[in-house]
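Please read each point with the sequence and the model side by side.

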Amino acid sequence: MNGFVCDLSDYDQADIDRALVCYNKFMDWWEAEGLEVVATETQLVHDELRYGGTIDLVAKDKEGRLCLIYLKTSKRISDGYIRQIAGYTGLWNINNPQEIERWAIVRIGKEEEGDFEVVHYDETRIFHAFQTFGLVPRTSATVSRYRATSLRSLPAIAANRRITSGSDRSCFW
């Protein structure tokens, strides 16, 4: 996807075959969605909020919307993953002119041909996940203010939240 060619000389054929199953599942989905790579393995930090992370993949869809794609090879999609993509969304949106508008967790199984899953999330779920991330106070005023703005404002709302000196909100994924 990004033009990188892997050196497979250190791997046996069984490992290569398993990796190809994963790769082919992903590429079938990617092509069906008509996605185009915008960024891969993007490391971002928010100094004021003291958190950062590495975004797996940002792509542009057929309508020009940015999609944050979180790649997993686990056996299932965990509830905690949505908080990670919410945090990544805050990082991306505060550091880039075009906001994320679509979200997906793509789980790629390692063994079986049909073991592939994509879960999409909407803006409301991302906002609520950002709240559980612990940075945005859950008040009706905050929710009203959020509805009048965009996800770009989430880190700004969080930065205005008072954090006592005894608490440490540092986090890096």
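Predicted model: local features only at pLDDT ≥ 70, side-chain atom pairs only at ≥ 80, totals over all residues.

1. Helix α2 is mostly covered, with twelve of its 15 residues buried. Buried means a relative accessible area under 20%, exposed means over 50%, and partly exposed lies in between, with a 1.4 Å probe and protein chains only. Among the buried residues of α2 are Tyr81, Ile82, Tyr88, Leu91 and Trp92, and Gly87, Gly90 and Asn93 are also buried there. Helices (H or I, at least four residues) and strands (E, at least two) are DSSP runs, numbered from the N terminus.

2. Residues are numbered from 1 along each chain as its sequence is written, and side-chain values use heavy atoms, with hydrogens and water left out.

3. The expected span of a helix is 1.5 Å times one less than its number of residues. For helix α1 (residues 13-33), the 21 residues should span 30 Å, which agrees with the 30 Å between its end C-alpha atoms.

4. Overall, the chain holds five helices and six strands, in the order α-β-β-β-α-β-β-α-α-α-β from the N terminus. Of its 173 residues, 43% count as buried. Among contacts (heavy atoms within 4.5 Å) with a separation of 6 or more, 62% join residues 24 or more positions apart.

5. Which elements do the buried residues of α1 pack against? They pack against β1, β2, β3, β4 (100-108) and β5 (116-121). The buried residues of α1 include Ile16, Val21, Phe26, Trp29 and Trp30. Just after α1, Gly34 adopts a positive phi of about 70°.

6. Strand β2 (residues 51-60) is largely enclosed by the rest of the structure, because nine of its ten residues are buried. Strand β1 (residues 36-46) pairs with β2 in the antiparallel sense over nine bridges; two strands pair if DSSP finds at least two bridges between them. Within this pairing, Thr40 has Leu57 of β2 as its bridge partner. Four residues lie between the strands of the hairpin of β1 and β2, where Arg50 takes a positive phi near 60°.

7. Strand β3 (residues 66-72) runs antiparallel to β2 and is joined to it by four bridges. Leu66 in β3 is the bridge partner of Lys60. The hairpin of β2 and β3 has five residues between the strands, and Gly64 in the turn has a positive phi of about 85°.

8. Leaving aside neighbours within four places in sequence, Val118 is in contact with Trp29, Ala104, Ile105 and Val106. Val118 and Phe26 are 92 residues apart in sequence, and their C-alpha atoms are 9.9 Å apart in space.
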